[in-house]
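Hi,

Here is the structure I promised to pass on, with my notes below it. Have a look at the model first, then read on for what turned up.

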Amino acid sequence: MRNNLPELDRRKTQNALEGVFEKYRIYKTITFMDRESFITAGYTDRPNGPTNVTSDPTARTAVYNVDAPAARLAYCQMVDAVVSRLNEREQLLIRERYLKDDDVFDYKVYNYVLDPPVSKDTYTKLRTRAFYKMALALADQGVLNLASLQKGADRRLGSVNA
């Protein structure tokens, strides 16, 4: 039987997913600041006649204040849903290492969080397998570009761009 799953570059995949996790942590920890609309008149020289431009800064501000938090929430829920599809140990690894605090290191996870503790090599295999699954799931969601994560993608992209 032929394997139809793509072969991904481990380093590129890790870097891309760490970017996704960083954005997740920022969205979870940094509070959203509402924009306020300006209702004072602006005195600028305008040409006579119709400009055919309709401007409603209050509506733009209201739409932003509703859409931006909703987009943040949807992004975090999507990442949580992808993580919840992993097996138990992979979920624990991803949540403890990448989704909680910035100051958690790999050695803390494989020595103190995982029960029973595992070796560094076993931890790396477990993390690589979790990253692979997540990369495929996030590519289906449109968050990651799977073609740029495949092995030899630089050569293929370089030949197209040249």
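Lys133 is partly exposed, because its relative accessibility of 34% falls between the cut-offs of 20% and 50%. Please keep in mind that this is a predicted model. The side chain of Lys133 forms a salt bridge with Glu90, and the closest N and O atoms are 3.1 Å apart. That pair links distant parts of the chain, with Lys133 in helix H5 and Glu90 in helix H3, 43 residues apart. Glu90 itself counts as buried, at 0% relative accessibility.

How many salt bridges are there? The count comes to eight. One of them joins Asp102 and Arg25, at 2.4 Å from N to O.

Another salt bridge pairs Asp106 with Arg97, the closest N and O atoms being 2.7 Å apart. Asp106 is partly exposed, with a relative accessible area of 22%, and Arg97 is buried at 16%. There is also a network: Glu22, Arg25 and Asp102 are joined by salt bridges that share partners.

Back to H5, the helix that carries Lys133. H5 runs over residues 120–141, which makes 22 residues, and spans 31 Å from its first C-alpha to its last, close to the 32 Å expected at 1.5 Å a residue. Its buried residues include Tyr123, Leu126, Arg127, Ala130, Phe131 and Met134. An α-helix has 3.6 residues a turn, so residues three or four places apart point the same way. What covers the buried residues of H5? The cover includes helix H1 (10–29), helix H2 (57–84), helix H3 (88–99), H4 and helix H6 (146–149). After H5 comes Gly142, with a positive phi near 90°.

Finally, a look at the surface. Phe105, Tyr107 and Tyr112 form a nonpolar patch there, with about 380 Å² of accessible area together. Tyr112 lies in helix H4, residues 106–113, and is exposed, with a relative accessible area of 64%.

Best wishes

Methods
Residues numbered from 1 in each chain as written. Predicted model: local features only at pLDDT ≥ 70, side-chain atom pairs only at ≥ 80, totals over all residues. Heavy atoms only, no water. Patch = residues over 30% accessible without salt bridge, like charges linked within 9 Å, V, L, I, M, F, W, Y side chains within 5 Å. Areas by Shrake-Rupley, 256 points an atom, 1.4 Å probe, with all protein chains shown as cover. Salt bridge = Lys/Arg side-chain N within 4 Å of Asp/Glu carboxyl O. Helix = DSSP H or I, 4+ residues; strand = E, 2+ residues; numbered from the N terminus. Buried < 20%, exposed > 50% of the residue type's maximum accessible area, 1.4 Å probe, protein only. Expected span 1.5 Å × (residues − 1). Contact = heavy atoms within 4.5 Å.
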